[in-house]
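Please keep the sequence and the picture in view while I talk.

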Amino acid sequence: MTDKKSEYVYSDDSDNITDILMSGTDTADWEREDNEINDRAIGLIKKLVTRKEPVLLDAGCGTGRLLPTFAPHFSHIIALEPDAERYEEAKGKLKHLGMAHKIDLRNLCVEEYRPSGRIDVVLFNHVLQHIGCNQIDTVMRTFGRIQDVGGLLLLSTCHSCTEKDYFTKARVVGSKHTEEEIGEEEFNSLTAGGQKGLLQSHFFCQKSIERILQQANYRIVDFKPYHHSIAKNGCRDQFVAAVKS
Ligand SMILES: C[S@@+](CC[C@H](N)C(=O)[O-])C[C@H]1O[C@@H](n2cnc3c(N)ncnc32)[C@H](O)[C@@H]1O
């Protein structure tokens, strides 16, 4: 493990805003849908990853929430988390789970990462929606550079059920989750500032995600909107699997 520190600060301290959003839903439904998506992703890993000792990159691992689910399917894992507090929490969790030997955890943003070997699978789970619009191409190009043809990208992000992308900022007022729509400019300025207690999100329409992946030379092999229990109409999130071409 390396102790290089990143400057980045994630604005949802202790996942407070996200947890309150979830608690306003039927939590059992929310978790069941999460588990279904993880099973779907693992099914694709089993089907499409052929290398004997496959390597996973968990890009933006947060507190390491998904590592126990995905780690058993890989020989080696690199996990990136730029927020210092979340990185430390993930480090403690891996030690506690006895998984530290298998996972190379780094306090870095995706854009700063320079791998030394091939990455078979990139897990990019609920990170893309928090990244500034002008950073998306850089991040996707990073994945394109570190994966060979046939490499698998597993992406979950916020979903717009309409023909257009939209942006929100969310906070907790009293004990309630409140979210309001904002313009792209304000969204981008929030991604740069990292204002604690105010979480900005980008909701991508299907066409927009298709364009982003196509530009980065990825071919979509699976697409599934999910978390229907929370959205006013349709689903709040989307899962997309894509293969590097
Ligand atoms: C909603 S959390 C998701 C964490 C984890 N993937 C999960 O599903 O539990 C978003 C995480 O992305 C991280 N993040 C934000 N920008 C990033 C970037 N450019 N590169 C890597 N991680 C980033 C944040 O620090 C935060 O921990």
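Let me begin with a word we need at once: a residue is called buried if 20 or more other C-beta atoms lie within 10 Å of its own, exposed if 12 or fewer do, and partly exposed in between, with the C-beta atoms placed from the backbone. Helices (H or I, at least four residues) and strands (E, at least two) are DSSP runs, numbered from the N terminus. Please remember that this is a predicted model, in which local features need pLDDT of at least 70 and side-chain atom pairs count only at pLDDT 80 or more, while totals for chains, interfaces and linings use all residues. Residues are numbered from 1 along each chain as its sequence is written.

Now to helix α4, in which Arg86, Tyr87, Ala90, Lys91 and Leu94 are buried. Seen down the axis of α4, these buried residues fall within an arc of 145° (the arc of the directions from the helix axis to the C-beta atoms), so they line one face of the helix. On the face of α4 turned away from the buried side we find the exposed residues Lys95 and His96.

What covers the buried residues of α4? The cover includes α3 (67-70), β2 (76-80) and β3 (103-106), where contact means that two C-beta atoms, placed from the backbone, lie within 7 Å. After α4 comes Gly98, whose phi is positive, near 70°.

Let us turn to the strands, where two strands pair if DSSP finds at least two bridges between them. Seven strands form an open sheet in the order β3-β2-β1-β4-β5-β10-β9, with mixed pairing. The edge strands are β3 and β9 (218-226), each of which pairs on one side only.

Strands β2 and β3 pair in the parallel sense over four bridges, and Ile77 stands opposite Ile103 in β3. From β2 the chain crosses through α4 to β3, and this β-α-β crossover is right-handed, a term meaning that, with the strands pointing away from the viewer, the path from the first strand over the helix to the second runs clockwise.
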